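Visitor: Could you take me closely through the metal site of this model, and then through the parts of the fold that surround it?

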Amino acid sequence: MRILVLSDIHANLEALETCLAAAPPFDRVFNLGDLVGYGANPGEVIDRSREIGTVFVRGNHDKACAGVSSLEDFNPIAALAVRWTQKQLTPEHMEFLRALPKGPIEPEPGIQCVHGSVSDEDHYLLNGYEAFKILESTEIPITVFGHTHVQGGFRGDPANDNWGTITPDYRTRPRAEEHTLKLLKGVRYLLNPGSVGQPRDGDPRAAFALVDTDAAIFTFHRIPYDIAAAQKKIRDAGLPDRLAARLAEGH
Ligand code: ZN
């Protein structure tokens, strides 16, 4: 089974289409949430995501746009983007967002999906100590998560008291690159495919991942896309300039 893992597309259709064109063949898609918010094509991204897969967990922006949660925890720019997004979506889009399930879900035995973290869907999982506690307490070998927009993750082998972080080491910036991780027996993993549509790890290339369960391989991918086109749409829509500028910075 080959599973394409997408997260934090954030209404960036250019980035999504580029990832789909670059992705190796896959059988299923796991979408870790935040389909909308920040970018200029929320409806198109929802439609395209539904075409390619049926497995979703909801993100904080999906919840806010659907009215499932309030805008209290959103900064002014994010809140403005939510209000703009709500005006672009059809009632069917809104209903789809409202019905998205809360993580964790386990759509494939041995792989669970969350947006933020396992016990709190809105939590930013960046801290190794927290990650190792989760890995110590779970029996599920692979947890895929998003929300931080940082590609990489954590591994833990409780039986051998062996713990570590995972950071793809890439050589070049302007090209497509991949980083392969061999999944070892007895080791548990927390893996973040990175953000398709608004990377924040200093690398502006769109990010995604692919799990091959038969080969026991998890591959991180980065792919350059037409950032200028996504930026122009954001500016033409009258969304805050910061949302366009940050795509080129990868922050
Ligand atoms: Zn996000």
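Guide: The zinc ion is coordinated by OD atoms of D8 and D34 and by NE2 atoms of H10 and H149, at 2.1 to 2.4 Å, where donors are N, O and S atoms within 2.8 Å of the metal (3.2 Å for Na, K and Ca), and since water is not among the atoms, sites may look incomplete. This is a predicted model, in which local features need pLDDT of at least 70 and side-chain atom pairs count only at pLDDT 80 or more, while totals for chains, interfaces and linings use all residues. Residues are numbered from 1 along each chain as its sequence is written, and side-chain values use heavy atoms, with hydrogens and water left out.

The 4 donor atoms subtend angles of 86 to 175° around the zinc ion, which makes the arrangement irregular; four donors count as tetrahedral if all angles lie between 85 and 135 degrees, four count as square planar and six as octahedral if opposite donors are over 155 degrees apart and all others between 65 and 115, and anything else is irregular. Along the chain, the donors of the zinc ion follow the spacing D-x1-H-x23-D-x114-H. D8 lies in the loop between strand 1 (2-6) and helix 1 (13-22), and D34 in the loop between strand 2 (28-31) and helix 2 (42-52), so the pair ties together parts that are 26 residues apart in sequence. Helices (H or I, at least four residues) and strands (E, at least two) are DSSP runs, numbered from the N terminus. Both D8 and D34 are buried, that is, under 20% relative accessible area, with exposed meaning over 50% and partly exposed in between (1.4 Å probe, protein chains only).

The loop between strand 2 and helix 2 also holds N41, which counts as buried at 9% relative accessibility. Leaving aside neighbours within four places in sequence, N41 is in contact (heavy atoms within 4.5 Å) with A11, L13, E14 and K233.

Strand 1 and strand 11 (residues 206-212) run antiparallel and are joined by 4 bridges, and the bridge partner of L4 in strand 11 is L210.

Key
Pairing = 2+ DSSP bridges.
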